[in-house]
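Hi,

Here is the structure I promised to pass on. Have a look at it first, and then read my notes below.

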Amino acid sequence: PAGTGKTETVKDLSKAMALQCKVFCCGEGLDFRAMGSIFSGLVQTGAWGCFDEFNRIPVEVLSVVSAQIKTIQTALADGLKRFTFEGREINC
């Protein structure tokens, strides 16, 4: 529900764990390329991402985003230090 402090809670938790947290305001103008770039940066820096208004992202974009997240999860679960993401080699 709106106004319950979800974003602030995530930011406070990341601060308590000494992790950087970047907040992104999502909207209809956010495409899968932009999301891929955000995910790439988060993976490479080890920062948390808080996606405010995630429900505003078009369903077509969410389909690609789910595949991007799966790629990242698989690489992390496999303990990889480098992997190919969106056509680029990145470090994690």
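A quick definition before the details: I call a residue buried when its relative accessible area is under 20%, exposed when it is over 50%, and partly exposed in between. Please also keep in mind that this is a predicted model.

Let's start with helix α2, which covers residues 32–45. It has 14 residues and reaches 20 Å from its first C-alpha to its last, close to the 20 Å expected at 1.5 Å a residue.

Which residues of α2 are buried? They are M35, G36, I38, F39, S40, L42 and V43. These buried residues pack against quite a list of elements: β1, β2 (48–52), α3 (59–77), β3 (82–85) and β4 (88–91).

Nonpolar side chains tend to be buried together in soluble globular proteins. The largest nonpolar core here has 16 residues, and the ones touching the most other members are M35, F39, I57, I72, F83 and F85. At least two residues of this core come from each of α2, α3 and β3, with α2 giving the largest share, five residues. If you zoom in on F83, you'll find that it touches V43, T71, I72, A75, R88, E89, I90 and C92, leaving out residues up to four places away in sequence.

How many salt bridges does a search of the whole structure find? Three, and here they are:

- E8 with K11, where the closest N and O atoms are 3.2 Å apart. Both residues lie in helix α1, three residues apart, about one turn of the helix. E8 has 44% relative accessibility, so it is partly exposed.
- R56 with E53, at 3.4 Å between the closest N and O atoms. R56 counts as partly exposed because its relative accessibility is 48%.
- E89 with R82, at 3.8 Å between the closest N and O atoms. E89 is partly exposed, with a relative accessible area of 44%.

One last thing, on the surface: L13, M17 and L19 form a nonpolar patch there, with about 260 Å² of accessible area together. L19 sits in the loop between α1 (6–16) and β1 (21–25), and its relative accessible area is 30%, so it counts as partly exposed.

Cheers

Definitions and conventions
Residues are numbered from 1 along each chain as its sequence is written. This is a predicted model: local features need pLDDT of at least 70, side-chain atom pairs count only at pLDDT 80 or more; totals for chains, interfaces and linings use all residues. Side-chain values use heavy atoms; hydrogens and water are left out. Helices (H or I, at least four residues) and strands (E, at least two) are DSSP runs, numbered from the N terminus. Patches are made of residues with over 30% relative accessible area and no salt bridge: like charges are joined within 9 Å, nonpolar side chains (Val, Leu, Ile, Met, Phe, Trp, Tyr) within 5 Å. Accessible areas come from the Shrake-Rupley method with a 1.4 Å probe; for residues, only the protein chains shown count as cover. A salt bridge is a side-chain nitrogen of Lys or Arg within 4 Å of a carboxyl oxygen of Asp or Glu. Buried means under 20% relative accessible area, exposed over 50%, partly exposed in between (1.4 Å probe, protein chains only). The expected span of a helix is 1.5 Å times one less than its number of residues. Contact means heavy atoms within 4.5 Å. A nonpolar core is a set of buried Ala, Val, Leu, Ile, Met, Phe, Trp, Tyr and Cys residues joined through side-chain atoms within 4.5 Å.
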